[in-house]
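Let's walk through this structure together, one region at a time. Keep the viewer open as you read, and turn to each part as it comes up.

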Amino acid sequence: MQPLEAGDPTRIGPYAILGVLGSGGMGKVYLGRSTGGRTVAVKAVRPELADDSQFRQRFRNEIEAAKSVSGAFTAAVVDSDTEASVPWFATAFIAGISLGDAVSRFGALPEPALRTLTAGLAEAITAVHRAGIIHRDLKPANVLLALDGPYVIDFGITRATEGTALTTAGTVMGSPGFMSPEQASGVRVGPETDMFSLGATLVYAATARSPFGDGPTPALLYRVVSQEPDITGVPDSLRDMIAACLHKEPARRPTTQQILEYLDANAPAPTTGGWLPPHYTDAIVQASSVMTHMGINSGPSAHVGNTGNEYNQQSGYQGGGGTPPYGNSNTPAYAQTAQSGMVGVGPYGGPGPNSGPQQQMQYQQQNPNSAGKMSRRALFGIIGGGVVVLGGGGAAIALSGGSSDKQATTTGGATGGTTGGPTSSGPSTSADTSSAPSTTGGTTPTSNPSVQDPNTPGSQKLGGAPQGKPAFQQTTTDQVYGSALANNVLVLEGSQKLHGLNSQGQTKWPDIECGSGTIGILTAMDPNGTTLYTTGLDNTGGDPLFAIDVPTGKILWQVPQVDRNWQLQGAAGVIGNLVIVSANVNVQGDGLYAVDKTTHKVVWKQNTNDIGAIHVPPSGKYIFTAHDSATADTDATITCLDVTTGNKVWQVSQKSAVMGGAGSDPFAYTNNLLMTGGDKLTALDPATGKVVWATQLGSIDTGVSLANHPFTDNSGRVYVTADGLLVAADASNGKLLWQSSLPDSDQFEIDGAFAVGDGQLYVTDYKKALYAVDAKTGKCNWSYSNALLSGQDVSTLTAGGGKVYYTAGEAIIGFNANGQ
């Protein structure tokens, strides 16, 4: 703690200010004490932020949400005044030292302490996400080491500065070496961003260095987005888990629950003693003297560390006394530490390796020739069937089922059989689970599914095709989130503006600001292609729905935001006379509402735990939403909603599916069937949710693969990527028509960009290489790769009229359909 300086307050709200704990980009942190003697950390924001109306509104929302966080390893927000001339909030004071200070002074943590740190942080992040908050700035300075475990501080407040002068002036909010690629790229983030930061923080704790090195901010951001992390020195037992956290693709990072289960599955025997080495514990005891030696304003206290980083001077935040992070164990080992005589925590124990996840993997997730690499949907852990053992630097997987050159297995019939497909919880819950032959043309399900070798006749590699030549290349002034094409107008949805281009990449109409601030991700087009719907911030902190005239770029009308606590993700689609708007509300559930495009009135509004990703067919009675399950990390729920009311019609569970949240669309709709990915490519009856057919995908090299998000060109075929495969199936019965594979064992992203047009499919792999593929045969006609694109986290594809338009970051590249 440092003494107060000239200009520092001596009182904030009901708290006498005793000294300075730290300072940073958002403001200054003080040690405060109430009249009754309660010690707190008080954070006062910078005066220039206090004058920003958008900051004020977001600050109110974030503080209100932060107050609902209750976890053993979080520092509770106990008081605030968001209406004061200088807004402030107070958190409980924890007696401890920051992880950054401790590692800098004493070196890397030993493995037992690292395991306890991992579990404690996972529990803390779970509590933060449960309250609907994304931390956004998890780093060593925001982790406090206390005698009873690690604590996470400063959660959820960084978002309040988005769109303020603090960010628009070019300042990066967060710590470059610990932020996620999507955060570094300036795109909207989800809970997965905290998992990346957790991985980076754990690498620092294990090795005393950042996984992306040191250097100026631009260099660090480039490495985070474009280069692989350096995890040399991370203990073997944690290497796979931490590597999975640092995956570039958010959907492939593990959840906190998966991390805890991973630790449980290979936990060492419990031991006694403090959870930290003695020199760490001594420093904590010394630093905690600030609680008993108030020496008010008389000079520096015994706190450890420098005062440069925001919050890292909290040689304490006293949170609730937490139990140690022992996973599912209810009998952790406690012991008094020799240094303090206080209760401490033994190294991470848990119930032992035989009482970890009960569900087991039934099919192979990784190439047997690539030992030590995590398979797609990293740290998948528990899927059902056989056995997966994670730890020791590699993965041992028992494969159920053989592999041959036969076609992929198809389960037909509306009941789905015993080997896959959703289980219904809607109005029709008596689905037959027998393995009777399909009534819709599929084959009888088997217990020993086979997979197709992509190198057999009729299949081909996507590599080796001619290199496409761009017809034009342009750049925008902001990141492009979405694109749409109608009437020869290419509409690009940027982080700040809408851009309208003609088919040659030239400006069609002036950029549309849609107020100010970030525009939504999703755009919806009227069937006639003349009106586009999207969302964007206005100058009061609102997020209205805009209707844009496509030929002229004029704003036709707008509807105010229905709820200021909803963060709109854009217009998800138009069905009949309704525009469906998607919103992020909290981690557990998202929101939807419907606007009548004639009256501009809100017809209905829904916010439940069932709502997340959304698909809006062009017509019909239903819309479909999906949510990654909160109870089974490898499953998801699919919910059908009545389009006229927004009420639930049916709901099913889909195994091994990664659906995403608001702002994404994981479905395809064709042949009057709803198509979804997961453990199988699955077709559902839209009226009942029953399985019509389910086809398992894979290759002889990689085993059975999980189906990503499907798409269609309404030709009677449905397409989907799976690991490194691109597959076409008959939409009516799921029969595999062809499959092609990426070169060099590359992979597709779960929610990677795709487009259809002019008889071709356009897909990108995780390196952002573009492939133009014949829709009938699977032959790659041409491809395009550029090393400068591989570091971009956002990419979109739009095709039609003999053109395909590819965006990555701020780059726009146009191609003729023939690639010439």
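**A sheet, a helix and some charged pairs**

An open sheet of 4 strands runs in the order β44-β45-β46-β47, with antiparallel pairing. Its edge strands, each pairing on one side only, are β44 (754–757) and β47 (780–784). On average, neighbouring strands of this sheet are turned by 15 degrees against each other, direction ignored. As for the terms, helices (H or I, at least four residues) and strands (E, at least two) are DSSP runs numbered from the N terminus, and two strands pair if DSSP finds at least two bridges between them. Axes are lines fitted to C-alpha atoms, for helices over the stretch in contact, and angles run from 0 to 180 degrees between N-to-C directions.

Before going further, please note that this is a predicted model, in which local features need pLDDT of at least 70 and side-chain atom pairs count only at pLDDT 80 or more, while totals for chains, interfaces and linings use all residues. Residues are numbered from 1 along each chain as its sequence is written, and side-chain values use heavy atoms, with hydrogens and water left out.

Back at the sheet, β44 and strand β45 (residues 760–764) pair in the antiparallel sense over 4 bridges.

Now turn to helix α11 (residues 278–287), whose buried residues are Y280, T281, A283, I284 and A287. These residues cover an arc of only 160 degrees around the axis, so they lie on the same side of α11. The arc is that of the directions from the helix axis to the C-beta atoms, and buried means under 20% relative accessible area, with exposed over 50% and partly exposed in between (1.4 Å probe, protein chains only). An α-helix has 3.6 residues a turn, so residues three or four places apart point the same way. What do the buried residues of α11 pack against? Their partners are β7 (97–98), α3 (99–106) and β8 (143–146), where contact means heavy atoms within 4.5 Å.

Next come the charged side chains. The structure holds 13 salt bridges, each defined as a side-chain nitrogen of Lys or Arg within 4 Å of a carboxyl oxygen of Asp or Glu. One of them joins K139 and D137 at 3.4 Å, N to O; K139 is buried at a relative accessible area of 10%, and D137 counts as buried at 6%. E249 and R252 form another salt bridge, with their closest N and O atoms 2.9 Å apart. Here E249 is buried at 4% relative accessibility, and R252 is buried at 3%. In the salt bridge between D679 and K680, the closest N and O atoms are 3.5 Å apart, and both residues are buried. Elsewhere, E5, D8 and K28 are linked in a network of salt bridges.

K43 lies in strand β4 (residues 39–45) and is buried, with a relative accessible area of 1%. UniProt, in an unreviewed entry, places the feature "binding site" at K43; UniProt positions are given in the numbering used here, feature names are shortened, and annotations may be inferred rather than shown by experiment.

G190 sits in the loop between α6 (181–184) and α7 (192–207). Is G190 buried or exposed? G190 is buried, at a relative accessible area of 17%. The C-alpha atoms of G190 and R136 are separated by 9.0 Å, with the two residues 54 residues apart along the chain.
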